[in-house]
Amino acid sequence: MTIFSRKLTVTLPLFTMLAATPVLAATDTDFKAAYAAADAANKEAGALRNQWTVTATALTNAKKAADAGDFDKAVAAAKEAEALAKASVFQAKSEKEAWKAEVIH
Amino acid sequence: MRTAIQIILTALALVTVASGAPAHAADSVDPVADANAFQKYFTAKFPKLKLSDFVNGPYSMNEDMHRQWVEKEEFPPYDFALDAGKEMFEKPFKNGKSYADCFANGGIGVRQNYPYFDEKEGKVVTLELALNRCREANGEAPFSYVKDDMASLTAYMAFTSRGKPFDIKIPNDPRALAAFENGKEYFYTRRGQLNFSCASCHVQNPGQRIRAEILAPALGILNAMPIYRSEWGGMGTISRRFVTCNTQTRGVPLEPQSDEYRDLEYYLSYVSNGLPISGPGARP
């Protein structure tokens, strides 16, 4: 048995096992955790007076999907909201100094 | 969506890197120097324009549009608001008093002095805010800052000041200087998912098109307020203008007459000192 074929022998069953494992659907608990993280990030942006409208839209979409029982979609929307909120926080913090570079001298 | 977010984060990171450069002027508060530099920037950028022409916004940037403006002014779309504003201004409150009792010179020809810094309150007071305070002090409900009644009232008051140069004062009070500086910071700060500051459009790109619109220069931009906007199909106050600008960058707007917006109006008005009031105005 060559080294290559030995590797294949070990790896193939692993892939087969993974492929056979069903992808777990998101649950209400997953949604609540994702939504709480997004909401916290958006509140931080609010404290910095720099929320984005698209974050609010993503949060609304997350809630709507959860209400409809589609937790996969709800979690995805909540994660999108969290990423947007974090970007707005990053923007607000970096602009604390960056605005000065745009001033007319 | 993830790609879009990554692009935005990358852009923000680049801006942060760029901001590493020293910015001396922003580190000390000197309103006179700021106003001089501001006016010099625009007059150098548009050497053919007279200083007073800047109050006509996009109509001063383009020959065709200027011709449209001249024709529009024959039957201006803000006329109805002007008539309504005059009537409202002259109608006494239920207690018999009127707006004239709240303002110097009976409220006639005073627009150019707003906003001012109230040293008692320690904050900027705009004309819109002063009008609502007048109403409340006389037992009347305040108007919405973004709707027609407030636009009509300020249209009439601006009309009585037409031609008078903006004369915004910054008293020798550290809080007034801080308000001016806060307004300046707000003006130059990028916000919203589109990562735009007020200056991105109105300093860096006046005269350029953004979609179908020609961007107005920041110099003199408030002299024409309130305005009838064809895009809105109605009149709009300064509050409405700020709220709309923020929303257009996909930022959640602040509440009208928040400290930030009041300071922004203070800054923008001060740097346009000397330019004539031209409000009410009309814009595409």
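In this predicted model, B:Asp79 is partly exposed, because 13 C-beta neighbours fall inside 10 Å, a count between the 12 or fewer of an exposed residue and the 20 or more of a buried one. The residue sits in helix α5 of chain B. Along the chain, B:Asp79 and B:Tyr156 are 77 residues apart, yet 9.7 Å is what separates their C-alpha atoms.

Where the two meet, domain 1 of chain B puts in 27 residues and domain 2 of chain B puts in 24 residues. On the domain 1 side, the elements giving two or more residues are α8 (174-188), β6, α10 (238-248) and α11 (259-270) of chain B. Of these, α11(B) supplies the largest share, with 6 residues.

The packing tells a related story. The largest nonpolar core holds 64 residues, and the members touching the most other members are B:Leu131, B:Ala155, B:Phe187, B:Leu264, B:Tyr267, B:Leu268 and B:Tyr270. Helix α7 (residues 148-159) of chain B gives this core its largest share, 8 residues. Since both domain 1 (28-76 + 172-283) and domain 2 (79-159) of chain B contribute residues, the core lies between them. For a local view, take B:Leu268: setting aside neighbours within four places in sequence, B:Leu268 is in contact with B:Gly183, B:Phe187, B:Ala218, B:Ile221 and B:Leu222. Apart from this core there is another one, of 26 residues, and its members include A:Ala26, A:Ala38 and A:Ala62 along with B:Val252.

Chain A has a simple make-up, with 4 helices and 0 strands. Read from the N terminus, its elements go α-α-α-α. The chain has 105 residues, and 37% of them count as buried. Looking at contacts in chain A between residues at least 6 apart in sequence, 72% link residues at least 24 apart.

Back in chain B, there is an open sheet of 3 strands, ordered β6-β5-β7, and its pairing is mixed. The edges are taken by β6 (234-236) and β7 (281-283) of chain B; each has a single partner strand, so one side of each has no neighbour in the sheet. On average, and ignoring direction, neighbouring strands of this sheet are turned by 35 degrees against each other. Strand β5 (residues 227-229) of chain B pairs with β6(B) over 3 bridges, in the antiparallel sense. B:Ile227, for instance, has B:Gly236 in β6(B) as its bridge partner. Besides its place in this sheet, β6 of chain B is also one of the elements that give two or more residues to the side of domain 1 touching domain 2.

Most residues other than glycine have a negative phi, and most peptide bonds are trans. Two cis peptide bonds in chain B go against that pattern. One joins B:Tyr114 and B:Pro115, with omega at about 5 degrees. B:Pro115 belongs to the loop between α5 (79-90) and β1 (116-118) of chain B. Another joins B:Gly279 and B:Pro280, where omega is about -5 degrees. B:Pro280 falls in the loop between α11 and β7 of chain B, and that β7 is one of the edge strands of the sheet described above.

Positive phi values turn up too. B:Asn195, not a glycine, has a phi of about 60 degrees. This residue lies in the loop between α8 and α9 (198-202) of chain B. B:Asn195 is partly exposed, because 18 other C-beta atoms are within 10 Å and a buried residue would need 20 or more. B:Arg211 also has a positive phi without being a glycine, this one at about 55 degrees. The loop in question runs between β3 (209-210) and β4 (213-214) of chain B. With 4 C-beta neighbours inside 10 Å, B:Arg211 counts as exposed.

Notes
Residues numbered from 1 in each chain as written. Chains lettered and ligands numbered in written order. Predicted model: local features only at pLDDT ≥ 70, side-chain atom pairs only at ≥ 80, totals over all residues. Pairing = 2+ DSSP bridges. Axes fitted to C-alpha atoms, helices over the stretch in contact; angles between N-to-C directions. Core = buried A, V, L, I, M, F, W, Y, C linked by C-beta atoms within 7 Å. Domains from an automatic or database assignment. Contact = placed C-beta atoms within 7 Å.
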